[in-house]
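Please open the model in your viewer and keep the selection tool at hand. We will go from stop to stop, and at each one you will be told what to select.

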Amino acid sequence: MNGAETWTLPPAPPAGSIKVAHLTDPHLSNLAGIEALELRDQRLLGWLSWRRKRRRVHQRATLDAVVAAARRGMPDHWCITGDLTHIGHERELSEAAEWLRSLAPPGQLTVIPGNHDLYIPACSQAALEAHWGPYLKDAGDAWPRLQLRGAVALISLNSGHAAPPAFATGALGALQRTRLKACLAAAGAAGYARLVLIHHAPGPGMDKWRKRLVDAPELANILQHEGAELVLHGHCHESLSRSLAGPAGPIPVLSAPSASATGEHGCRSAGFNELAITVTTGSVTLEATGVQLGAPPQWRLHTTLPRPGA
């Protein structure tokens, strides 16, 4: 199917459109059944943070309200950009899998892990894929993963890794960056609109130093040379419309607040992104809105880009 540096894709359909709901950082799990005494590693710090604050900041009822609002837009596809859990405990991964099943079937949903889902080294890729496998395209393969929906190629990256205490950094690593470069080139040559999913903010200076993507400069360089039509990310818990340089002009970079955030303790209220991607013979048109519960739209985007390979 694809090797470390070679991707074989069928030609993209001549035209098509898709509506996407982008949710991120739901932190949907409940740690009430997990005792502190069974946590003898960094997860204990995360458990204490949940007991002190996070269990009031992130509520399932709020997440349910966000999902209900997103469903009203009748999305064709759901993109979930990581941090479904608090400390990456196996019981949390199982709970998150149940939520994914309630949201949409695997062919209509793409999920990637965040740093909380890979909280410690013991939270391995194998454990993650044991629970989320049906929703992780090509489970067991190296990242990035590729999913085709009509004329759109969804390219999933894994920036989550175990970080030292008080840090929430991420990284792709050399192999994933090499594969991404080849994947973007192949998808573009085949005429697909390329939608990149990543948990951490993809550009230098787009997040705090302790929360940054360590190899953001290298990723930005790949995007500048190979191109992409859209990047969706999470991690910063903020509704933002930004951009990175691309070979044919700016590449939109969109983030959303936590989908379960109550707005307490100074945290931003929950929301999601609503998107429509229309591909014609020569162009890709993006329409997107940053939705926040109980508030006016945070931003609106309407832009038309050249279609790759046209």
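A residue is called buried when its relative accessible area is under 20%, exposed when that area is over 50%, and partly exposed in between, using a 1.4 Å probe and protein chains only. The model is predicted, so local features need pLDDT of at least 70 and side-chain atom pairs count only at pLDDT 80 or more, while totals for chains, interfaces and linings use all residues. Residues are numbered from 1 along each chain as its sequence is written, and side-chain values use heavy atoms, leaving out hydrogens and water.

Select Cys79 to begin, which is buried at a relative accessible area of 0%, and then Cys183, which is also buried at 0%. With a disulfide taken as a pair of cysteine sulfur atoms within 2.5 Å, the count is zero.

Next, select helix H4, residues 125-132, where Leu128, Glu129 and Trp132 are buried; helices (H or I, at least four residues) and strands (E, at least two) are DSSP runs numbered from the N terminus. Turned away from that buried side are the exposed residues Ala126 and Ala130.

Finally, show the open sheet, whose six strands run in the order E3-E2-E1-E10-E11-E12 with mixed pairing; two strands pair if DSSP finds at least two bridges between them. Its edge strands, E3 and E12 (299-306), each pair on one side only. Within the sheet, select E1 (16-23) and E10 (271-279), which pair in the antiparallel sense over seven bridges, and find Ser17 opposite Thr278 in E10.
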